[in-house]
Amino acid sequence: MPSFKIDTSTAVVFVATAPTPKLVNKQTGEIAVDRESGAKMMTVALLISDEGEGNLYQVAVPETGVPEGLNPGTPVSVVGLKARDWENEFNGQKRHGISFRAVAITAGA
């Protein structure tokens with residue numbers, strides 16, 4: 001499926017929750033791996049506010065693109081943020097949504 005670039009150049013971005021490993025399977029604890037680099041994937045919740053509207057996004061980032069010390073409230077910049085729609089079937093139910101992925105997150109805005 002195609003992905004779409006998201007421009008955050010005019011946005012204010014803060015860490016909402018500290019990075020955690022992105023799980024492929026919650027039951028087994030298997031951690032997602034970046035197909036290109038082989039790095040473990042992390043999930044970071046970001047509050048992105050732009051043009052009077054704020055939204056919370058769960059963003060997947062390779063571990064190599066996540067600096068130490070990202071705590072809630074830290075102002076950050078997002079490098080290479082993209083959105084991609086997805087759809088799957090789980091236990092006979094179709095689910096769909098939008099996933100967000102970034103190349104890196106840098107401390108400071």
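V12, F14, L47 and L56 together make a nonpolar surface patch of about 340 Å². A patch here is built from residues with over 30% relative accessible area and no salt bridge, with nonpolar side chains (Val, Leu, Ile, Met, Phe, Trp, Tyr) joined within 5 Å and like charges within 9 Å. A salt bridge means a side-chain nitrogen of Lys or Arg within 4 Å of a carboxyl oxygen of Asp or Glu. The accessible areas come from the Shrake-Rupley method with a 1.4 Å probe, and for residues only the protein chains shown count as cover.

This is a predicted model, in which local features need pLDDT of at least 70 and side-chain atom pairs count only at pLDDT 80 or more, while totals for chains, interfaces and linings use all residues. Residues are numbered from 1 along each chain as its sequence is written, and side-chain values use heavy atoms, leaving out hydrogens and water.

Strands (E, at least two residues) and helices (H or I, at least four) are DSSP runs numbered from the N terminus. With a relative accessible area of 32%, F14 is partly exposed; buried means under 20%, exposed over 50%, and partly exposed in between (1.4 Å probe, protein chains only).

## The nonpolar core

Now to the inside. The largest nonpolar core has 18 residues, and V13, L46, V59, V76, L81 and I105 have the most contacts inside it. Such a core is a set of buried Ala, Val, Leu, Ile, Met, Phe, Trp, Tyr and Cys residues joined through side-chain atoms within 4.5 Å. Two or more residues come from each of β2 (12-21), β5, β6 and β7 (76-79), and β5 gives the most, with 4 residues.

Leaving aside residues up to four places away in sequence, I105 touches V44, L46, V61, G65, P67, L70, V76 and S77; a contact means heavy atoms within 4.5 Å.

T43 sits in strand β5 and is buried, at 16% relative accessible area. Beyond residues up to four places away in sequence, T43 touches A18, P19, T20, K22, Q58 and V59.

## Two loops with positive phi

Most residues other than glycine have a negative phi. E51, though not a glycine, has a positive phi of about 55°. E51 lies in the loop between β5 (41-50) and β6 (53-62), and counts as exposed at 78% relative accessibility.

N91 is another non-glycine residue with a positive phi, near 55°. N91 is found in the loop between β8 (82-90) and β9 (93-101), where its relative accessibility of 69% makes it exposed.
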